[in-house]
Amino acid sequence: MAFFKNAKQPLGIFLYNIRLSTCSRHGYSTWATKGTSFAQSTDTKASKTAYLYWVSRRFNSQAASSAEQMSLIKQLRERTSAPIKDVKASLVDCNWDIEAAQKELRKRGKVLAMKKSSRTATEGLLALAQNEGKAAVIELNCETDFVARNEIFEYLALALAKKALFVQNSSQQIPGVFSFGPECLEDLKLNLDHPKISGETTIQNAVTEVAAMMGENIKLRRGVVMSTSSHGVVSAYLHRCPRPGLGRIAGILSLEVENEISQLDALQKVGSELAMHIVAAKPLFLTKEGVTSDVLNNEREILKSQAISTGKSLMAIEKMVDGRLRKYFEEVVFMEQKYFLNDSLSIKTILDNVSKEVGSPVKIGNFFRMEVGEGIQSQKASRSAEPVAQAV
């Protein structure tokens, strides 16, 4: 009961009383007792006042120190965007020297980033960059969609896309299209201008730096650059776009014109609509002739086994297979598909209409569809380029 009684007193008085009782047990006391002179009582009051002042100063200085520490943690967190537990640990190790802690945090983050490089990164963003007659799309992966929404991650993705525009197609695999892996960009110089990551560095180092900041595995996975003739256009569409130039699904194609035209706006409008169609309809091939024999034979076998299970005659089975094969072409071949916004129109019809409008034959040169994380599990050990559809 005595403890709870004392608990109601101010902390300074409570500690002061404990100190006095301790002194009393040792045979001396500063309390003014009966018969004590007025001078002694005055000294006691002064001593009590001085002790309370000392207690107050001590607790206030501790509070100030704690506030300074929180301020340093906040400042370093804003500078680096590193996890708060790592920020605090670095400051403690460096005796709360923020400059030294920042250097230590970068070193520690890079080491951890290398350790995390084997972890699967299936989230991320696609970034698009365009100039006259050319477009580039890159895929930058991370482990969580939370990091994919971070402004530093977005900034890096856009910077990589702009750099990809200057990648040259040395192999000439497909005219007008170059699909590449991260090795084509890793050693290139990148000049960054962001409050939290700036200066000239290689792309590989920039990716590692951002991975250290985010505390996740971050990888530049792949990219594609598409160009067209001087008379054509390259159009692209990004789906689920958090800000201009970024998205999770991309459709890109080139429209080629035989002769120089003046109605470039009409061509660009159709190109944008067809890029959107690529994202929605997921074509795999440009023309029926472009369907590979392996794919065609495999699909024919599947359709034939399904038809045989109906128990119909061999002639009927063949007709069923041919009919279903035509349906398959309408699903996966770009030029055979129905326009996704108006199924009364085919892609062929749309191209015929724009050809009449611009006064010159228009055809699709190449197209490409890319989605964040697609095929990562099956291609984990492979760094080969993604297949690109092309005109035949």
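A salt bridge here is a side-chain nitrogen of Lys or Arg within 4 Å of a carboxyl oxygen of Asp or Glu. Please keep in mind that this is a predicted model.

| Salt bridge | N to O distance |
|---|---|
| Glu374 and Arg222 | 2.9 Å |
| Glu336 and Lys348 | 3.4 Å |
| Asp145 and Arg149 | 3.5 Å |

Take the pair formed by Glu374 and Arg222. Glu374 sits in the loop between strands E12 (362–371) and E13 (389–390), while Arg222 belongs to strand E6 (residues 219–227), so the bridge ties together parts that are 152 residues apart in sequence. Arg222 is buried, at 5% relative accessible area, whereas Glu374 is partly exposed at 28%. Both residues also belong to a network of salt bridges that links them with Glu139 and Arg221.

In the remaining pair of the table, Asp145 is partly exposed at 42% and Arg149 is exposed at 55%.

Now for the helices. How do H10 and H11 cross? The axes of H10 (residues 293–308) and H11 (residues 314–332) come within 9 Å and cross at roughly 130 degrees, which makes H10 oblique to H11. The crossing is right-handed. Residues in the contact include Leu296, Leu303 and Ile308 of H10, together with Ile317, Leu325 and Phe329 of H11. By type, the contact residues comprise 11 nonpolar, 1 polar and 6 charged.

Conventions: Residues are numbered from 1 along each chain as its sequence is written. This is a predicted model: local features need pLDDT of at least 70, side-chain atom pairs count only at pLDDT 80 or more; totals for chains, interfaces and linings use all residues. Side-chain values use heavy atoms; hydrogens and water are left out. Axes are lines fitted to C-alpha atoms, for helices over the stretch in contact, and angles run from 0 to 180 degrees between N-to-C directions. Helices (H or I, at least four residues) and strands (E, at least two) are DSSP runs, numbered from the N terminus. Angles under 35 degrees count as roughly parallel, over 145 as roughly antiparallel, 65 to 115 as roughly perpendicular and the rest as oblique. A crossing is left-handed if the near helix is turned anticlockwise from the far one by less than a right angle, and right-handed if clockwise. Contact means heavy atoms within 4.5 Å. Ala, Val, Leu, Ile, Met, Phe, Trp, Tyr, Cys and Pro count as nonpolar, Asp, Glu, Lys and Arg as charged, and the others, Gly among them, as polar. Buried means under 20% relative accessible area, exposed over 50%, partly exposed in between (1.4 Å probe, protein chains only).
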